[in-house]
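Subject: Structure handover

Hello,

Here is the structure I said I would pass on. My notes on it follow below.

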Amino acid sequence: MDDLTYMALAAKVAAKAGPDETYENPRVGAIIVKNGQILATGYHHSFGAAHAEINAFENLRDQTDIVDSTMYVTLEPCFVTGKVGACALAIAQWGVKRVVVGSFDPNPDTHGRSVTFLRQAGIRVDVLGTEDSQILNPGFYHYFERHLPYVQLKLAESANHFVASSQGQSTKITDRLADIDVHKERASKSAILIGSETMLIDQPNLTVRHVPINHPQPLRVVIDRRGRLQNKMDRATNNWLIFTTNTDFAKQYDNVLLMSHGLLSVLTSLASKNIQSVMVEGGPSLITAFLKANLWQEFIVYTADSILSEDGVPSVQPLFNSVSSYRVGNTLKSRYLNDRSVSCLQE
Ligand SMILES: NC(=O)C1=CN([C@@H]2O[C@H](COP(=O)(O)OP(=O)(O)OC[C@H]3O[C@@H](n4cnc5c(N)ncnc54)[C@H](OP(=O)(O)O)[C@@H]3O)[C@@H](O)[C@H]2O)C=CC1
Ligand SMILES: Nc1c(N[C@@H]2O[C@H](COP(=O)(O)O)[C@@H](O)[C@H]2O)[nH]c(=O)[nH]c1=O
Ligand SMILES: [Zn+2]
């Protein structure tokens, strides 16, 4: 097998973890090859857990076999010690002869540094420049390359395209199976964002509850330009972040921030708080504003099989073709991408 085939295999191994499990960490796969034989594979299972390279090493039947082997890894090994030790340092000590990297790490803490370090340690390093890692981790690359959170818009609608049964009403649309899927989507994000009307009408929790997580809950964010939540601060306590243009409101609370230039300034502010990805969970007015401002990367719509009254709150109809559409139980999940270069391999 050639380098590209081994790398494609490493990407498949990386995809064994879901984005809801690795959260703000990238999904990474590694393969150890010697004399044309795959000796071990490994991947990053979950946020804060051992990295792919370490797991591959641990999975070797005989760890002395690592000497003079080739390690294929979808993403440049990490250079700095974070939640776990730096993989580049471990690899340099193992006696690996060659490291084949799929893509440079976009994180400036590592970018190019591990490749240089391993070469200086006498290891041959080849960077293939394959796209697997970008496809596996669109949010991770978007955040570090564009310095803005990856924005996923999301709505749940009835079969006849309404998001609520009437104005001022909260309506449960999705069933249990779809809710589990929604919560997996939530679990892969750093923050969940809603508009003020949704906050006032739905009084939502916006937590991950239907799937287990071993990482922090997403930050809950509301855009409330007029400051209508001013007298309802019992719900939006310190755990929530509120963006407003109402200076009096912003002066009163530490978790209420002034937004100066519309939605882009909200995203810029979130990026400065290390928020890598945001799920915008409605309502339709806010989703439309993100679409119009072209400040989105992905839009998912859950279409239930139920019918709501024609007096309901209309959903947002995407004017582009979905890149994937499949059933989650009785619900149709459609995914639309703004940047067609980002594929949907993460499913
Ligand atoms: N089924 C589903 O998936 C969902 C259904 N819903 C339902 O939808 C209904 C509410 O819908 P909707 O009124 O659209 O609610 P939104 O949550 O979108 O809130 C609307 C408010 O958002 C703010 N807003 C609008 N445009 C912008 C902009 N460009 N920049 C910043 N803020 C903006 C405005 O308030 P201000 O000017 O004060 O900032 C506006 O009044 C409810 O019935 C709710 O139950 C809600 C979410 C999801
Ligand atoms: N009604 C509706 C959704 N509505 C969205 O979910 C929020 C409620 O979240 P929580 O309080 O955590 O359950 C609500 O404010 C709105 O943003 N989502 C869905 O997947 N399906 C649904 O039927
Ligand atoms: Zn690492």
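I start with helix α7, whose buried residues are Pro138, Gly139, Phe140, Tyr141, His142, Tyr143 and Phe144. Here buried means under 20% relative accessible area, exposed over 50% and partly exposed in between, with a 1.4 Å probe and protein chains only. Helices (H or I, at least four residues) and strands (E, at least two) are DSSP runs, numbered from the N terminus.

The model is predicted: local features need pLDDT of at least 70 and side-chain atom pairs count only at pLDDT 80 or more, while totals for chains, interfaces and linings use all residues. Residues are numbered from 1 along each chain as its sequence is written, chains are lettered from A and ligands numbered from 1 in the order in which they are written, and side-chain values use heavy atoms, with hydrogens and water left out.

Back to α7 (residues 138-146): seven of its nine residues are buried, so the helix is largely enclosed by the rest of the structure. The cover over those buried residues includes β3 (70-75), β4 (98-103), α6 (132-136), β6 (150-157) and α11 (262-272), where contact means heavy atoms within 4.5 Å. Just after the helix, His147 has a positive phi of about 60°.

Next, the zinc site. His51 (ND1), Cys78 (SG) and Cys87 (SG) coordinate the zinc ion (ligand 3) at 2.0 to 2.2 Å. The sequence spacing of these donor residues is H-x26-C-x8-C. Donors are N, O and S atoms within 2.8 Å of the metal (3.2 Å for Na, K and Ca); water is not among the atoms, so sites may look incomplete. Both Cys78 and Cys87 are buried.

Glu53 belongs to helix α3 (residues 52-58). Glu53 is buried, at a relative accessible area of 3%.

Along the principal axes, the C-alpha atoms fill a box of roughly 70 × 45 × 30 Å. Buried residues account for 55% of the 347. Of the contacts between residues at least 6 apart in sequence, 69% join residues at least 24 apart.

Regards
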